[in-house]
Amino acid sequence: MNKVYTRLDLLRALPKDGTVAELGVYKGSLSRGIIDICSPKLFYMVDLWEQLNPPWPSYAEQHQNRLNVERDFNKSGIFIVQEDTREFLESHSDGFFDWIYLDSCHRYEHVMSEMIVAESKIKPGGYICGHDYSEKIGRGAIIRAVRDFCKAHNWHVAIVTVSDNFNSFAIQRNHEPGK
Ligand SMILES: C[S@@+](CC[C@H](N)C(=O)[O-])C[C@H]1O[C@@H](n2cnc3c(N)ncnc32)[C@H](O)[C@@H]1O
């Protein structure tokens, strides 16, 4: 497992010029790092914003966040998608993404279901990444979901960040013998 310091260092270790999705965008602060560091060919920014039930932190704030994101990220190759993360993933063909970054709902069942839907959508050698890989958040729900997913689906933790209490992870499929 490769340990890096911040999530921007994690972005530096990920494939460039790829097809990428950030699931859970909020104000778009990580999105800016993804664009600057990874220069994705196609970048999907997915969030329900004010349509989340209930919206977090509030309807008015998330409505404004979406309008700001639509204004600030209005560029060719960038797609701003107001949709549930799992429905978004399901609507794409297998092997579509080089990598995705999960940062929406942090409950065990939700993250697990995102990874299960994402598995077939990631190209060979690609990554599922995500935020809040920490014992201090949701009693370690994301650490447990990642561990259980990797064990059940034959993936491994390839990269983790170690700078703070909101660390990130990147997981990859295990190579099958003879392939
Ligand atoms: C922690 S914030 C994302 C932060 C952002 N990735 C960053 O680093 O700046 C979580 C976001 O996920 C969104 N969200 C939560 N559950 C969702 C779901 N099921 N589908 C789509 N978006 C969701 C929320 O609306 C919220 O804006």
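The structure is a predicted model, in which local features need pLDDT of at least 70, side-chain atom pairs count only at pLDDT 80 or more, and totals for chains, interfaces and linings use all residues. Residues are numbered from 1 along each chain as its sequence is written. Helices (H or I, at least four residues) and strands (E, at least two) are DSSP runs, numbered from the N terminus. A residue is buried if 20 or more other C-beta atoms lie within 10 Å of its own, exposed if 12 or fewer, and partly exposed in between, with C-beta atoms placed from the backbone. Two residues are in contact if their C-beta atoms, placed from the backbone, lie within 7 Å.

**Ligand shell**

- Around the ligand there are 16 residues, of which Gly24, Tyr26, Leu30, Asp103 and Ser104 come nearest; a residue is near a molecule or strand if its C-beta atom, placed from the backbone, lies within 6 Å of it.
- The shell is made up of eight nonpolar, four polar and four charged residues.
- In this classification Ala, Val, Leu, Ile, Met, Phe, Trp, Tyr, Cys and Pro count as nonpolar, Asp, Glu, Lys and Arg as charged, and the others, Gly among them, as polar.

**Nonpolar core**

- The largest nonpolar core has 40 residues, such a core being a set of buried Ala, Val, Leu, Ile, Met, Phe, Trp, Tyr and Cys residues joined through C-beta atoms within 7 Å.
- Helix α6 (residues 141-153) supplies the largest share of this core, six residues.
- Val20, Trp99, Ile100, Ile128, Cys129 and Val146 have the most contacts inside the core.
- Beyond its neighbours within four places in sequence, Ile100 is in contact with Val20, Ala21, Leu23, Ala118, Ile128 and Cys129.

**Helix α5**

- Helix α5 (residues 108-119) has 12 residues and reaches 16 Å from its first C-alpha to its last, close to the 16 Å expected at 1.5 Å a residue; the expected span is 1.5 Å times one less than the number of residues.
- Val111, Glu114, Met115 and Ala118 are the buried residues of α5.
- They lie on the same side of α5 because they cover an arc of only 95° around the axis, the arc being that of the directions from the helix axis to the C-beta atoms.
- An α-helix has 3.6 residues a turn, so residues three or four places apart point the same way.
- The buried residues of α5 pack against β2 (19-23), α4 (85-90), β5 (97-102), β6 (122-130) and α6.

**Helix α3**

- The end C-alpha atoms of α3 are 20 Å apart, which agrees with the 20 Å that its 14 residues should span at 1.5 Å a residue.
- Gln62, Arg66 and Val69 are buried in α3.
- Their arc around the axis is only 65°, so they sit on the same side of α3.
- Ala60, Leu67, Asn68 and Arg71 are exposed residues on the face of α3 turned away from its buried side.
- The buried residues of α3 pack against β3 and β4 (78-81).

- His106 is in the loop between β5 and α5 and is partly exposed, with 18 other C-beta atoms within 10 Å.
- Not counting residues up to four places away in sequence, His106 touches Val111, Asp132, Ile137, Gly138, Ala141 and Ile142.
- His106 and Gly126 are 20 residues apart along the chain, and 22 Å separates their C-alpha atoms.
- Tyr133 lies in the loop between β6 and α6 and is buried, with 24 other C-beta atoms within 10 Å.
- Between Tyr133 and His106, 27 residues apart in sequence, the C-alpha to C-alpha separation is 9.6 Å.
- With residues up to four places away in sequence left out, Tyr133 touches Ile142, Ile143, Val146, Val160, Asn167, Ser168 and Phe169.

**Backbone features in loops**

- The peptide bond from Asn53 to Pro54 is cis, with omega near -5°, and Pro54 lies in the loop between β3 (42-46) and α3 (59-72).
- The bond from Trp56 to Pro57 is also cis, with omega near 0°, and Pro57 is placed in the loop between β3 and α3.
- Asp17, in the loop between α1 (7-13) and β2, has a positive phi of about 60° although it is not a glycine.
- Asp17 counts as exposed, with 11 C-beta neighbours inside 10 Å.
- Ser39, in the loop between α2 (29-38) and β3, has a positive phi near 35° and is likewise not a glycine.
- Ser39 is partly exposed, with 13 other C-beta atoms within 10 Å.
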